Amino acid sequence: MFTGIVEGTGAVRDRTETDDGLRLRIGVDGFDDLHHGQSISVSGVCLTVEEYGESSDAGDDDSDGGDWFEVFLASETVAKTYLGEVREGDAVNVERAMPADGRFDGHVVQGHVDTVAEVTGIERVGEDWRFTFEIPEGHGDYLVDKGSVTLDGISLTVAEKRDGEFDVAIIPTTYDLTTLSEKSVGDPVHLEVDVIAKYVENMLDGYV
């Protein structure tokens, strides 16, 4: 489980397409507790660390420095997310799974992306930013004003919902520490709705 409080960004260092999917090597700084089998959120997609190390490791010809980890994306994950389109040098948001004794600062984020949405507007408002996103078909009922939503792994609050789109307010810290600063109108984002809304829908199914 994640909280949507992105720890920082990593850079795609290598991508290898296979018959079964896609393998990505991602460079990060300060992630000194990586281990095999660890769950990790990459721009909101829950993946598993297969390998990890430092660029100074023997036999590693990576000259970028810093730590790195590798993850594998199965064909279904490639099909349902935009990670299959990332290239070397692209930035991704990274968050390690929440420890049992950790502080819960965001909301419950599973890393199970529901769909890919599109940025439809970006506006500077004082020191903050206001981002507008489309509401993909079939997902509008899960979004409510002042409710939680996860975009590219970032826990955010719906500032306003309208017909076919919704806004979120982005503070400078979030803008600077995540990939939102690199987004433009027309770019894709991974959208995960609040899982609590799904449970409520499931419990009420058949009663309304």
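Helix α3, which spans residues 195-204 of this predicted model, contains Met203, a residue that counts as exposed because its relative accessible area is 57%, where exposed means over 50%. Met203 also belongs to a nonpolar surface patch of about 520 Å², whose other members are Ile196, Tyr199, Val200 and Leu204.

Helix α3 also holds Lys198, which is paired with Asp114 in the loop between β6 and β7, 84 residues apart. The two form a salt bridge in which the closest N and O atoms are 2.5 Å apart. Asp114 is partly exposed, with a relative accessible area of 25%, and Lys198 is likewise partly exposed, at 27%.

Turning to the strands, 6 of them close into a barrel in the order β1-β2-β5-β4-β3-β6, with antiparallel pairing; neighbouring strands of this sheet are turned by 45° against each other on average, direction ignored.

The whole structure contains 13 salt bridges. One of them connects the side chains of Glu70 and Arg25, at 2.9 Å from N to O, and links strand β5 with strand β2 across 45 residues; both Glu70 and Arg25 are buried.

A further salt bridge, at 3.5 Å from N to O, brings together Arg130 and Glu160. Because Arg130 lies in strand β8 and Glu160 in strand β10, the pair ties together parts that are 30 residues apart in sequence. Arg130 is partly exposed at 27% relative accessible area, as is Glu160 at 33%, and both belong to a network of salt bridges that also includes Arg162, Glu165 and Asp167.

Terms used
Residues are numbered from 1 along each chain as its sequence is written. This is a predicted model: local features need pLDDT of at least 70, side-chain atom pairs count only at pLDDT 80 or more; totals for chains, interfaces and linings use all residues. Side-chain values use heavy atoms; hydrogens and water are left out. Patches are made of residues with over 30% relative accessible area and no salt bridge: like charges are joined within 9 Å, nonpolar side chains (Val, Leu, Ile, Met, Phe, Trp, Tyr) within 5 Å. Accessible areas come from the Shrake-Rupley method with a 1.4 Å probe; for residues, only the protein chains shown count as cover. A salt bridge is a side-chain nitrogen of Lys or Arg within 4 Å of a carboxyl oxygen of Asp or Glu. Helices (H or I, at least four residues) and strands (E, at least two) are DSSP runs, numbered from the N terminus. Buried means under 20% relative accessible area, exposed over 50%, partly exposed in between (1.4 Å probe, protein chains only). Two strands pair if DSSP finds at least two bridges between them. Axes are lines fitted to C-alpha atoms, for helices over the stretch in contact, and angles run from 0 to 180 degrees between N-to-C directions.
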